[in-house]
Amino acid sequence: MKRCHNVLRMIGMCTTGHWFGIQREKAAKPSDNTTRALPKIRNTVAAILRHFQQLNYAKPVCARVQQRAVVYYGHYPVAGRERERVVQVAENVYQVAPDVYCVRLALPFALSSVNGYLLRGDAGWTILDTGLHWPEGAAGWHAAFAALNIRPANIQQIVLTHFHPDHYGMAGWLQQWGQSAGTGYTPPVRMAPREAELARMVWDLPEDQPEPMTAFFLAWGVPEDLTLEMSRGVAHLRRMTQPHPTLTHLEPGTTLPIGNRQFLAIQTPGHSDGHLAFYDAEDRLLLCGDHLLMKITPHVGTWPESEPDPLGRYLASLRQLARLDVRLALPGHGAFILDWRGRLAELEAHHAVRLAHMLKAAGSGATAFEVCARVFDFSRLTPHEIRFAIAETISHLELLVYREQLQRDSSGLTPRYVTV
Ligand SMILES: [Zn+2]
């Protein structure tokens, strides 16, 4: 019964929750039905097959902590060809590899949780990604520390894949918690230089400065009332990133000891400019942040602070990552990734379909906001979700301009995209 339930749940997630939890598109026009339905059907069948391949009777690995339950599958699939094992050790904590734990931390969004990770080593524990700073997020860490018997003095370092608030938000709070051991040691918070710069620009904005998001969205044709509502949401998020940590730069290409493993920091742009993934070649394990997610498509948007063409850089990065030999990828949200190259190919195919939709929606001329409103059903989205939908639309339209399939006409107040 439980397996049936999980399979059904997976089908539901594949067909309805796809794009940062906000992919609720308008019903396709009759002429679009075939092209739009086929990828969905293919994805659904692939997901069912993948799920059945993954079902396995996993035995618990030798955990040095009290095990609450042996196996949890469904949201976190267990076992692939190499019999991956996941052991639930607390309500929100899963051992996913020797000395590697995933901590599920609640988020107040449609995307309801983020994965933080704890890696144990002889020199102490490393925290990778921290969650949004709000009471339920902090409670998630307290539960994990209690389950794994971690005290402030045990925190060696905090490592961040990128600056988004659901990953950066509790870094300062956790750094202070590590400091509270009273040993005089402050755990460093390591982050790519570009991400440190973005965190400062976006989250450490002085109170008297205007919200950059407001002018940005107005310029792309978003109505003023919606823009103001979206800006209020960003200000609210900003409060959930405090206190800010003291940051230590981590250059891409560095080999960083995390736990007792050696991880190569790989620059993986797109979701954010300086996003880092961490690769343990010996165990073929990748901590991939939000660069790849299993059941939803990572958001790739253009924001006021973004470098040009994030989607072009994202797709190029996916192609480079196909060279990596990955046994298990641990993402920033949701289920773990076992079929690395299969998922890379799915994401590339998804964006090809999305680009075709955007090209068609631009038609004989439209603003980014108009294209967005043609592709998404705004009546079903919150302002927070619409914000992501618009940023994602701009990144697709701009890539089509780079590819010379669209022209951007910037002669008026608001840029308009026209088919070439
Ligand atoms: Zn995230």
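L128 stands opposite V159 in β6. The two strands involved are β5 (residues 124-128) and β6 (residues 155-159), which pair in the parallel sense over 4 bridges. Strands count as paired if DSSP finds at least two bridges between them. Helices (H or I, at least four residues) and strands (E, at least two) are DSSP runs, numbered from the N terminus.

This is a predicted model: local features need pLDDT of at least 70, side-chain atom pairs count only at pLDDT 80 or more, and totals for chains, interfaces and linings use all residues. Residues are numbered from 1 along each chain as its sequence is written.

β5 and β6 belong to an open sheet of 8 strands, in the order β1-β2-β3-β4-β5-β6-β7-β8, with mixed pairing. β1 (87-90) and β8 (247-249) stand at the edges with a single partner strand each, so one side of each has no neighbour in the sheet. The twist averages 30 degrees from one strand to the next. Angles run from 0 to 180 degrees between N-to-C directions, and axes are lines fitted to C-alpha atoms, for helices over the stretch in contact.

Contact means C-beta atoms, placed from the backbone, within 7 Å.

| Helix | Strands | Angle |
|---|---|---|
| α3 (residues 135-148) | touches β1, β2 (93-97), β3 (100-106) and β4 (113-121) | about 150 degrees with β3 |
| α5 (residues 171-179) | lies across β5, β6 and β7 (189-191) | about 170 degrees to β6 |

I266 stands opposite A277 in β11.

**A loop residue.** W220 is found in the loop between α7 (212-219) and α8 (224-239). W220 has 19 C-beta neighbours inside 10 Å and so counts as partly exposed; 20 or more would be buried, 12 or fewer exposed. W220 and T414 are 194 residues apart in sequence, yet 5.8 Å apart in space, C-alpha to C-alpha. Not counting residues up to four places away in sequence, W220 touches T367, A368, F369, I390, I394 and T414.

**A helix crossing.** The axes of α9 (residues 310-321) and α12 (residues 383-402) come within 7 Å and cross at roughly 80 degrees. The two helices are therefore roughly perpendicular, a label for angles of 65 to 115 degrees. P310, L311 and G312 of α9 meet S395, H396, L399 and Y402 of α12.

Notes
Two residues are in contact if their C-beta atoms, placed from the backbone, lie within 7 Å. Angles under 35 degrees count as roughly parallel, over 145 as roughly antiparallel, 65 to 115 as roughly perpendicular and the rest as oblique.
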